Amino acid sequence: MSTKAYGTIPDLISSSVSLDLDAGDNGGTKFYTSGTIYPLAPQRSFLRTAMVELQNVMRIKASRKILLVLGLNVLGSLLLLIWCHGSDSMALTAYTYLTLYDIFTILICLLSIWVQMQKPTPAYSFGYGRFEVLAVFASTMLAQLGALFVIKESIERLIQQPDIHLGRLLVGTVFAFTLHMFVAYSVNNRAMNHVIDASSSSWLQEHMTDMSESLCHVVPGLSKLLLPRINPLALIGFTGGLAICITYILIDTKMYYSADTWAAISIAVMICGTMFPMSAYTGKILLQTSPAHILGQLDKLLREASTLDGVLEFRHEHFWTLSFGCLAGSVQVRVRRDADEQMVLAHVYNRLSNLVNHLTVQIFKDDWTRSSYNMLSSQGFPSSFSSSSMGQPRGPSPAVDAFHTSGKLPSSPLSVSSFDTTSQGHSHDNIGHSHGSGHSHSSGHSHEFSSSTPFRGGNFAPSSGQFSINSPSYGSHHSLH
């Protein structure tokens, strides 16, 4: 009996499907479907994909050299860990963590070669450059985490200090220093070199730079080696090895075993101080912030581009570091209506493309048609039809009050303002609106006023005291009482 592995998907699946449909009282019709179903192609496992990509990377000659250095560093780190366990030295253990960090730097170097071989995909439209940034950030954070672990163990040792065996302490220090320097200068790590150059100086580098300047005044030939600043990884290797050598002397001469614990704390503090600027630099890149060291250049280029013919303004400028040495950005450009869009786009792109690798420029013309139309339409109507004048209640007309009080018609002709009478009560509804004091608007649009002054286009009846106006243009009837 044959068995299949769990989770495997066969290439072909044979099946037969029967469909029974009821056609009513006359009988039923049966449809039979048989054939081969082709399922989705099975996905390759992560390990198999990684092996395929590693084979592609190993075709490059530089990758084989890096892989050889990686093997030597792994073997040397294992040997140092054995010596640390035999000597029971916390200082040597903290120093060995530098060689463990070197393993991560070599892996980052291989990752950089793989990133250079890849092309942008729909899932990663800007490429795989951010993988390097994430790898450097993770390695520096792990180094600081290991340093914190060393500090915690050292504090416990201060309470009850064990004896330190000096048999392999000095030999292990020399071996670790040699291995660390070999990895730091034999491998061309593009990502780490960029981070070291672009990140801010650590406190250890600043103090060493001050000492180097004083030394270079005495010996000018050392300026090429010590200035402007020393490689932080080489500097921490040198100072850590010096701390262990001092520890060896103190334990050998005065049996001062606590010196090993203080040396471990000092090495751990130096590791944290050295790795923190690199972690901060890569963390800002992951947060897609604008790089501080090129903000001045960007402002200068934008000012130059704004002086081009047809350019009115820039909107929504956003520039960020995509990966090491690669800048991305987007900007919107508002141009005149008579400007050539393609010409403006070419000029803006030529100005910014020297600094921004991935640039997106959106050109849109100035749209003033709607605002001009609104301005003209608002000026075409008199102010008496505006919402502000219609909404303000006015007092009754003097002519209307005179008729109500005396019962006689005023001798003066009726002014236009008397038709604008909106007395104290004013209400609106869905059918019409009505005004108090005998002035109402209904669905038939009728006006009633308490005035009987003759008016052009109307008829006045003295017996009834009514004045009617026929308005054929609106189809409404106005009667005034």
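Which residues form one aromatic cluster? Trp-114, Tyr-124, Tyr-128 and Phe-131 do, and they are a friendly place to start. This is a predicted model, in which local features need pLDDT of at least 70, side-chain atom pairs count only at pLDDT 80 or more, and totals for chains, interfaces and linings use all residues. Residues are numbered from 1 along each chain as its sequence is written, and side-chain values use heavy atoms, with hydrogens and water left out.

**Aromatic pairs**

- The model holds six aromatic pairs, where rings of Phe, Tyr and Trp (its six-membered ring) pair if their centres lie within 6.5 Å, and planes under 30 degrees apart count as stacked, over 60 as edge-to-face and the rest as tilted.
- Trp-114 and Tyr-128 make an edge-to-face pair, because their ring centres are 5.4 Å apart and their planes stand at 65°.
- This pair ties together parts that are 14 residues apart in sequence, because Trp-114 sits in helix α3 while Tyr-128 belongs to the loop between α3 and α4 (130-159); helices (H or I, at least four residues) and strands (E, at least two) are DSSP runs, numbered from the N terminus.
- Trp-114 is buried at 17% relative accessible area, and Tyr-128 is buried at 13%; buried means under 20%, exposed over 50% and partly exposed in between (1.4 Å probe, protein chains only).
- Tyr-124 and Phe-131 also pair edge-to-face, with 5.7 Å from centre to centre and 90° between the planes.
- Tyr-124 is partly exposed at 39%, as is Phe-131 at 31%.

**Cavities**

- There are two cavities of 30 Å³ or more; on a 1 Å grid over the protein atoms alone, a cavity is a set of points where a 1.4 Å probe fits but cannot get out, and lining residues have an atom within 4 Å of a point.
- The largest cavity has about 150 Å³ of space, a volume being the space filled by probe spheres set on the points, with grid points joined across faces, edges and corners.
- α3 (90-117), α5 (169-186) and α6 (190-198) are the elements that give two or more residues to the lining of the largest cavity.
- Among the residues lining the largest cavity are Asp-102, Ile-106, Val-183, Met-192 and Leu-233.
- Seven nonpolar, four polar and one charged residues make up that lining of the largest cavity; Ala, Val, Leu, Ile, Met, Phe, Trp, Tyr, Cys and Pro count as nonpolar, Asp, Glu, Lys and Arg as charged, and the others, Gly among them, as polar.
- The second largest cavity has about 50 Å³ of space, and helix α10 (residues 258-286) gives the most to its lining, with three residues.

**Backbone**

- Most residues other than glycine have a negative phi.
- Met-255, not a glycine, has a positive phi of about 55° and lies in the loop between α9 (232-254) and α10.
- His-316, also not a glycine, has a positive phi of about 55°; His-316 is placed in strand β3 and is exposed at 59% relative accessibility.

**Strand β3 and cysteines**

- Ser-323 belongs to strand β3 (residues 311-323) and is buried at 9% relative accessibility.
- Leaving aside residues up to four places away in sequence, Ser-323 touches Gly-129, Arg-130 and Val-133, contact meaning heavy atoms within 4.5 Å.
- The count of disulfides is zero, a disulfide being a pair of cysteine sulfur atoms within 2.5 Å.
- Cys-272 is buried at 19%, and Cys-326 is buried at 15%.

How values were computed:
On a 1 Å grid over the protein atoms alone, a cavity is a set of points where a 1.4 Å probe fits but cannot get out, and a pocket is an open set with protein on both sides within 12 Å along at least five of seven lines; lining residues have an atom within 4 Å of a point.
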